[in-house]
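Me: I would like to go through this structure with you, one topic at a time. Could you keep the answers plain?

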Amino acid sequence: MSGYLALVLHAHLPFVRHPEHERFLEENWLFEAITETYIPLIQVMDGWLREGMETRLTLTLTPTLCSMLLDPLLQERYASYLHGLIELAEKETHRTHWDDALRPLAEMYLQRFLLVRETYFAYGSNLVGAFRKFQEQGKLEIITCAATHALLPLLENHPESLRAQILVARDHYRSCFGCDPRGIWLPECAYVEGVEQVLQEANIRWFVTDTHGVLHARPRPRYGIFAPIFTPNGIAAFGRDLDSAKQVWSRHEGYPGDPRYRDFYRDIAFDLDYDYIKPYLPAPPQRSFTGIKYHRISGPAVEKEIYNPAEAQQTAADHAEHFLRSRVQQIDEAARIMDRPPVVLSPYDAELFGHWWYEGPQFIDYLIRKAYYDQQTFRLITPHEYLKMHPTQQVARPASSSWGEEGYWKVWLNETNEWIYRHLAIAQERMTQLARRFTVVDGLIERALKQAAREILLAQASDWPFILRTGTSPEYACKRVKDHLLRFIALHEQLTSTQVDERWLTQIEAIDNIFPDVNYRYWA
Amino acid sequence: MKSKKSSPKPKIATSDEPQKAGITTAKKTSTPAGANLKNVPAKASSKPRRPAPKIPPALLESDQPAQTSLSGPGSRYALGPKAASVPVSGPIDLGDLPESYGTQQVLAAARDPHWLYVSWDLSKEQLRAYNAKSVHGHLVVRIHLHQPHGAPHSEVHVHPESRNWFVYVGRAATRFVAELGFYRPEGKWNSIGLSKSTFTPPDNLSEDTSVEFATLPGGVSFQELIGMVKEVLSENVSLVEALREQQIDNEIHPLPKDSSGHWTVEQAAALEKMVSMDSMRRVWIGSLEITELIRRKMFEETSSIAAAELAKRGQFAVGAVGPSSITSPFGGAVEKGKGFWFNVNAELIVYGSTEPDAAVSVGGRAIKLRPDGSFSYRFSLPDGNYELPALAISAAGDDQRQARLQFSRRTEYRGDVGTHRQDKRLKTPHPNNVA
């Protein structure tokens with residue numbers, strides 16, 4: 001063995017749960033990700049387990065995602081979503097009866113959805129428990145993230161908020177997985193000096209930065225990104241490998257853009273008769289994805305071609321082989337130069353695999369199998385395991401950085417979303433004042449303080465400024481920030497000037513029900 | 001991939017005041033994104049309209065188009081074309097956020113190695129009062145290096161109504177403090193507030209190539225390690241220094257020999273070559289959403305090829321329409337090049353009913369009956385001749401009925417007619433909208 005490969009997937013969705021509406025379009029973010037990414041990943045990992053393979057994978061399950069996966073209302077809604085999907089797929093097998101090109105695809109979807117349902121119910125609708133099983137068997141390292149995926153460098157001005165984001169996440173992880181997290185995914189890989197103080201308090205041992213977060217560290221890291229560095233207070237920072245990132249993301253070499261893969265956009269929701277498709281649309285009359293797509297990305301042809309699953313599967317296998325050989329070559333080369341085994345850390349958004357890149361889970365399956373069976377150059381490893389084997393590392397201060405556009409925080413702080421931070425700054429200070437003022441409380445006051453903490457956390461999510469920047473659902477993102485801030489303002493006023501309105505509090509507790517045991521004293 | 005530059009650029013102040021060294025103004029940022037989200041009513045057409053022909057209501061029942069405008073983002077947040085969600089209304093309408101809170105706090109945050117974001121919490125009245133006292137009629141943001149003492153690093157004159165500014169500082173790895181204030185008529189500086197300091201990220205490799213190692217055993221918690229060295233640990237002595245000083249790291253895990261510092265210039269150069277950060281490789285990509293941009297770029301390239309091919313065949317005049325309109329990777333409009341288009345398709349609906357507990361098969365495949373015993377199935381009907389046997393068997397299995405349906409479709413096309421409904425409003429996202 002010359003070195004190691006640590007594959008890290010970051011699974012995250014913002015907290016979207018609207019019991020006040022019967023159907024809510026944005027809840028489909030979760031439902032689509034469960035169907036296309038999380039369950040296929042579980043199925044693939046179950047396969048490795050059955051075969052007794054010694055595999056290693058690292059996965060972030062963010063506190064917001066875990067909360068949604070464990071929420072009974074969303075579980076019930078997902079089951080109903082899945083039922084609808086299966087019904088539609090079944091209808092599609094009939095509809096395409098005389099269409100030889102589409103019928104096998106309709107049947108493929110039906111089989112896949114049935115399998116998804118089987119897996120979902122086999123795990124008792126508890127996907128957090130499913131992933132926990134792999135961790136307990138030593139095949140998976142589950143790491144945490146900031147409580148609501150707040151961009152931590154933009155909380156630098158308010159260390160109490162930064163601390164609360166980490167400690168609330170640590171507590172939530174304990175409640176989900178029965179142990180402490182060893183690693184953390186800093187939201188958007190965004191690091192700023194000071195984060196490590198809180199990580200130390202939470203006994204978190206490692207995090208990931210983008211490549212330049214390690215390369216630009218002070219002093220210059222001897223091994224580049226082929227070894228982690230220790231911050232002066234002893235937290236390991238692993239730098240993202242640029243070569244493996246490029247192979248998946250580059251426009252020239254990037255795998256997901258291959259014309260043989262399934263097209264993300266060409267969904268039957270846009271092709272078929274409205275009356276037929278309407279019962280399966282999440283928010284009619286708007287046509288939005290059903291998840292059944294019959295076309296491949298195709299080349300420059302005017303008309304998109306019909307998807308060929310066998311061809312796409314072979315392409316995924318070829319791409320996995322290419323990725324593997326590139327890592328073998330890279331690790332061999334680095335090992336020849338270095339005086340210790342290099343480690344290559346390749347992190348990706350989990351939802352890339354399956355949701356966006358339909359064949360992504362197959363790619364991961366092939367890659368892990370090939371890495372296990374077909375090569376001797378590197379070993380799959382998790383960062384925690386690596387640190388146990390290699391506890392001696394260079395000490396350096398990582399550079400502030402993120403993996404967003406241009407490498408810093410421009411995506412989350414620009415003309416489209418800066419207004420959020422002006423309001424957050426005031427609300428955060430007020431939260432600290434509340435936590436310092438109400439040291440010993442119980443009953444209604446404690447409930448109001450906890451709810452205030454929840455509202456602040458939800459308003460801090462990096463998803464909202466991101467969506468405002470990209471323009472995918474800006475009205476929704478804007479409304480979410482405002483709702484949480486306004487609820488906080490009302491709670492602050494009730495706690496400091498008037499009195500807590502129990503009826504109203506009960507209503508918002510039922511809506512924003514994340515982190516039932518949140519410790520508001522973390523803000524003190 | 002080139003990174004897009006959309007940061008506000010500094011420009012020369014237009015104020016009557018003579019320019020001072022280091023004084024710049026920066027572009028005012030827009031009003032809060034959430035402040036103005038009202039729908040703009042559609043413009044009424046000025047052309048007189050002929051009365052619409054009367055259409056039987058039945059023909060209007062199906063295939064209603066979506067009400068919202070479409071675009072084509074691709075991301076974990078994508079729900080198909082631009083999602084317009086049901087507005088979230090709180091249990092009680094809490095109105096809108098206040099414009100400000102009047103705390104006079106100044107916030108500064110380094111956004112990247114060269115830009116700071118500065119905002120201040122002043123009410124409308126406070127702003128008006130300060131502007132009235134200012135010789136310029138507006139406020140000034142001073143940027144200080146390290147500490148707010150002495151001459152500022154730069155000054156920015158801001159718009160009288162603004163509550164924030166993106167300020168170009170142009171210095172990476174530097175600590176800055178922002179100060180808000182104004183000049184009185186006598187030229188004296190009047191400070192309103194100071195921000196906490198903020199540090200611009202470094203943007204290059206460190207010149208410091210010194211190497212020190214530390215050993216942090218994973219099995220020992222930080223709390224235990226801190227307990228071991230608490231006597232020497234202080235604000236100026238980090239945990240790893242304290243461990244080293246107390247020689248605890250050697251006790252726990254002796255330094256491996258290969259980490260003792262034998263590292264040649266050749267090794268350093270060879271490794272640097274493997275992970276260089278040159279501009280060509282500086283592709284800040286990671287978020288799922290960026291693939292959208294990549295795919296869009298790929299699409300532009302492939303459609304350029306398509307444009308050339310079609311032009312060769314005389315089917316498409318290059319230059320008349322941009323190449324990006326030839327095909328869409330998003331299942332979107334293919335018709336733009338010709339202006340007019342037509343898609344037509346045919347489906348067949350077979351429906352019926354029987355006893356609710358009967359077993360029914362259509363086309364040899366068992367189907368589910370509704371609770372009232374009815375059923376309805378659609379069939380895509382391409383050109384050709386088809387047979388569709390339908391069979392119902394009673395629950396007891398002692399009776400059955402059968403129908404053999406026969407169909408034929410033959411289509412004659414004149415001109416370019418498509419077969420699928422392709423929503424022409426599906427469009428590629430604007431690159432600016434992709435992180």
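Me: How many residues does helix α15 of chain A have, and how far does it reach?
Reply: In this predicted model, α15(A) covers residues 419-437, which is 19 residues. From its first C-alpha to its last, the helix reaches 28 Å, close to the 27 Å expected at 1.5 Å a residue.

Me: Is that helix mostly covered or mostly exposed?
Reply: Mostly covered: 14 of the 19 residues of α15(A) are buried.

Me: Let us turn to the domains. Which domains does the assignment give for chain A?
Reply: The domain assignment gives domain 1, made of 3-70 + 126-253 + 308-406, and domain 2, made of 412-523. The C-alpha centres of domain 1 and domain 2 of chain A lie 29 Å apart.

Me: How many residues from each domain take part in the contact?
Reply: Domain 1 of chain A contributes 26 residues and domain 2 of chain A contributes 24 residues.

Me: Which helices supply the domain 1 side?
Reply: On the side of domain 1 of chain A that touches domain 2 of chain A, α2 (63-69) and α6 (159-177) of chain A each supply at least two residues. The most comes from α6(A), with nine residues. By type, the residues of that side of domain 1 divide into eleven nonpolar, nine polar and six charged.

Me: Now strands. What does β10 of chain A pair with in its own chain?
Reply: Strand β10 (residues 392-395) of chain A is joined by two bridges to strand β6 (residues 229-230) of chain A, and the two run parallel. Within that pair, Q394(A) in β10(A) stands opposite I229(A).

Me: And which strand of chain B is joined to β10(A)?
Reply: That is β11 (residues 213-215) of chain B, which runs antiparallel to β10(A) and is joined to it by three bridges. There, Q393(A) has A214(B) as its bridge partner.

Me: Staying with contacts between the chains, what does V275(B) touch?
Reply: Leaving out residues up to four places away in sequence, V275(B) touches L215(A), G224(A), I225(A) and L242(A). V275(B) itself is found in the loop between α5 (265-274) and α6 (290-312) of chain B.

Me: Why does V275(B) count as buried?
Reply: Because 21 other C-beta atoms lie within 10 Å of V275(B), and the cut-off for a buried residue is 20 or more.

Me: How is chain B built overall?
Reply: Chain B has six helices and 17 strands. Of its 435 residues, 31% count as buried. Among the contacts in chain B with a separation of 6 or more, 61% are between residues 24 or more positions apart.

Me: What is the strand order of the four-stranded open sheet in chain B?
Reply: The order is β14-β13-β16-β17 in chain B, with antiparallel pairing. The edge strands are β14 (365-367) and β17 (400-409) of chain B, each pairing on one side only. From one strand to the next, the twist averages 25°.

Me: How many bridges join β13(B) to β14(B)?
Reply: Three bridges join β13 (residues 359-362) to β14 in chain B. V362(B) stands opposite R365(B) in β14(B).

Me: Backbone next. Which peptide bonds are cis?
Reply: Among them are the bond from R218(A) to P219(A), with omega near -10°, and the bond from P284(A) to P285(A), with omega near 10°. P219(A) has its place in the loop between α8 (211-215) and β6 of chain A, while P285(A) is found in the loop between α11 (274-277) and α12 (309-337) of chain A.

Me: And which residues have a positive phi without being glycine?
Reply: These include E188(A), with a phi of about 60°, and H146(B), with a phi of about 65°. Most residues other than glycine have a negative phi.

Me: Where do E188(A) and H146(B) lie?
Reply: E188(A) is in the loop between β4 (183-185) and α7 (195-201) of chain A, and counts as buried, with 27 C-beta neighbours inside 10 Å. H146(B) lies in the loop between β5 (140-145) and β6 (154-157) of chain B, and is exposed, with 12 other C-beta atoms within 10 Å.

Terms used. Residues numbered from 1 in each chain as written. Chains lettered and ligands numbered in written order. Predicted model: local features only at pLDDT ≥ 70, side-chain atom pairs only at ≥ 80, totals over all residues. Pairing = 2+ DSSP bridges. Axes fitted to C-alpha atoms, helices over the stretch in contact; angles between N-to-C directions. Domains from an automatic or database assignment. Contact = placed C-beta atoms within 7 Å. Nonpolar A, V, L, I, M, F, W, Y, C, P; charged D, E, K, R; others polar. Expected span 1.5 Å × (residues − 1).
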